[in-house]
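Please view the sequence and the model before reading on.

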Amino acid sequence: LGDGYVGKFKAKAKGNKKEYVYERTRIRLKVADYPLALSFYNALMQLGLNPIIRLYKSKNSNWRDAFEVYAYSDMFYEWYTKLTLDDIRKIAESSKECMISFIRGLYETEGSYISDYLVRVLTNANKELVLLARDIIRKLGFETHVIEDNSNKRKNPKYKTLYHLNLRGGKKA
């Protein structure tokens with residue numbers, strides 16, 4: 001639900017002097033943070049998905065190199081793409097460990113530590129996802145607030161409204 005995705009893509013293969021195009025399902029995360037990439041890799045290993053992790057060299061000197069982690073699984077794709085937000089809520093709230101893991105995954109891909117006074121847990125255009133994260137953080141005993149941000153829409157009407165989920169109490173919390 002953060003920087004990764006689960007989807008289909010077109011792949012090419014060669015055989016008998018012909019090139020074949022076929023569709024594959026893939027679970028993928030590309031991030032600059034190696035510990036996060038490794039954590040995702042290990043989670044996919046625990047699911048028995050035989051992931052691959054590799055360094056992705058950026059062609060743009062303004063961007064950092066990234067670590068790409070991916071695995072192929074039709075079964076995971078079928079399961080994941082049928083999940084509703086209510087299904088995700090049930091899984092995330094099934095135990096304290098799951099709640100913490102859910103928030104950790106969102107924070108590590110969509111959050112930021114801005115200052116001692118502001119910890120942004122999540123920025124996302126999906127308001128329902130942000131509200132789900134808010135509810136879980138509150139169940140864990142923390143105070144939060146959500147800010148609706150339309151500043152991008154003023155620059156370009158095609159942009160979506162963003163929602164920022166901030167932790168009240170900053171670094172101390």
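Is K57 buried or exposed? K57 is exposed, at a relative accessible area of 56%, where exposed means over 50%, buried under 20% and partly exposed in between, with a 1.4 Å probe and protein chains only. The model is predicted, so local features need pLDDT of at least 70 and side-chain atom pairs count only at pLDDT 80 or more, while totals for chains, interfaces and linings use all residues. Residues are numbered from 1 along each chain as its sequence is written, and side-chain values use heavy atoms, leaving out hydrogens and water.

**Salt bridges overall**
- A salt bridge is a side-chain nitrogen of Lys or Arg within 4 Å of a carboxyl oxygen of Asp or Glu.
- The count by this rule is ten salt bridges.

**K57 and D65**
- A salt bridge joins the side chains of K57 and D65, at 3.4 Å from N to O.
- D65 is partly exposed, with a relative accessible area of 30%.

**D135 and R89**
- In the salt bridge between D135 and R89, the closest N and O atoms are 3.2 Å apart.
- This pair links distant parts of the chain, 46 residues apart: D135 lies in helix 5 (residues 127-139) and R89 in helix 3 (residues 85-92).
- Helices are DSSP runs of H or I with at least four residues, numbered from the N terminus.
- D135 is partly exposed at 22% relative accessible area, and R89 is partly exposed at 25%.

**E93 and K139**
- The side chains of E93 and K139 form a salt bridge of 3.1 Å, N to O.
- E93 is partly exposed at 23%, whereas K139 is exposed at 54%.
- Through shared partners, salt bridges join R89, E93, R134, D135 and K139 into one network.

Note on methods:
Helix = DSSP H or I, 4+ residues; strand = E, 2+ residues; numbered from the N terminus.
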